Amino acid sequence: MSIIPSFFGNRRTNVFDPFSLDIWDPFQDFPFSTSSSALSMPRSELSKETSQLANTRIDWKETPEAHIFRADLPGVNKEEVKVEVEEGRVLQISGERSRESEEKNDKWHRVERSSGKFLRRFRLPENAKAEEVKAAMENGVLTVTVPKVEEKKPEVKSIQISG
C-alpha cells in the first residue's frame, strides 16, 4: 500500500524510506536515440532490472530486545547473500539471484521473476549493538537480528526525612 497517492500511474513510493529507489522520472518512457543500443531503448527498460531487485522488500521491526530485519529472498541460497555492517552503523544486505538457464528448445511465454544483484542499506540507531549482529536463512526468508543496548534505568534512592 502506498503511503502517498500517486498521480503518475500505479507506482509504489515511500517517503519514509531514504533508500527507496522508486522515484518518479518524467523522462522514463522517452526513447533516446543515440549510437549506444542501451540508450536507444526506453529508460524504463534500463532501470527495470535494477529497480526490481534493488527494491527487495525488507521489513524492519523493533522489539524491546532487538531490531529485526526480514527479507523475502525466494530461490536465493544463503551462499548468495551477504550481510555486513559498514562504519559500525550501516547494515548492508546484498546478494545476487541467478537467472534460470535457458535451453535452446525452450519457449518462454512469460518471465516475471527477477534476477540479478540486490542491495539494501539501513542506518542503525544508536541503541543497536552492531558487533553482535546475527543472521539466519530459512525457507527463503532472511532474518537479521541486531540486539539493542540495554537501557540503564536511573537508580532511585529513597531518602528518609528526619524530624
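Q: Is F122 buried or exposed in this predicted model?
A: The model is predicted, and local features are taken from it at pLDDT of at least 70. Burial requires a relative accessible area under 20%. F122 has a relative accessible area of 7%, so F122 is buried.

Q: Which aromatic pair do W60 and F122 form?
A: Planes over 60 degrees apart count as edge-to-face. The rings of W60 and F122 lie 5.9 Å apart, centre to centre, with 80 degrees between the planes. The pair is therefore edge-to-face.

Q: How many residues apart are W60 and F122, the members of this pair?
A: W60 belongs to strand β1, and F122 to strand β5, which covers residues 116–123. The pair links distant parts of the chain, and the separation is 62 residues.

Q: What kind of aromatic pair do F69 and F122 form?
A: Planes under 30 degrees apart would count as stacked and those over 60 as edge-to-face, with the rest called tilted. F69 and F122 have 45 degrees between their planes and 5.2 Å between their centres. F69 is in strand β2 (residues 66–72) and F122 in strand β5, so this pair ties together parts 53 residues apart in sequence. The pair of F69 and F122 is tilted.

Q: Which residue has a side chain joined to that of W60 by a polar contact?
A: Leaving out residues up to four places away in sequence, W60 touches H67, I68, F69, F122, R123 and P125. A polar contact of 3.2 Å joins the side chain of W60 to that of H67.

Q: How far apart in space are W60 and V144, C-alpha to C-alpha?
A: In sequence, W60 and V144 are 84 residues apart. Their C-alpha atoms are separated in space by 9.4 Å.

Q: Which strands stand at the edges of the open sheet of four strands?
A: The strand order is β1-β2-β7-β6, with antiparallel pairing. A strand with a single partner has one side left without a neighbour in the sheet, so it stands at an edge. The edge strands are β1 (58–62) and β6 (134–138).

Q: Which residue in β7 is the bridge partner of M137?
A: β6 and β7 (residues 141–147) pair in the antiparallel sense over five bridges. The bridge partner of M137 in β7 is L142.

Q: Which element gives the largest share of the largest nonpolar core?
A: This core has 16 residues, and F69, L142 and V144 are among those with the most contacts inside it. The elements giving two or more residues are β2, β4 (90–97), β5 and β7. The largest share, three residues, comes from β7.

Note on methods:
Residues numbered from 1 in each chain as written. Heavy atoms only, no water. Pairing = 2+ DSSP bridges. Phe/Tyr/Trp six-rings, centres within 6.5 Å; stacked < 30°, edge-to-face > 60°. Buried < 20%, exposed > 50% of the residue type's maximum accessible area, 1.4 Å probe, protein only. Core = buried A, V, L, I, M, F, W, Y, C linked by side-chain atoms within 4.5 Å. Contact = heavy atoms within 4.5 Å. Polar contact = N/O pair within 3.5 Å; in protein donor to acceptor, adjacent residues only side chain to side chain.
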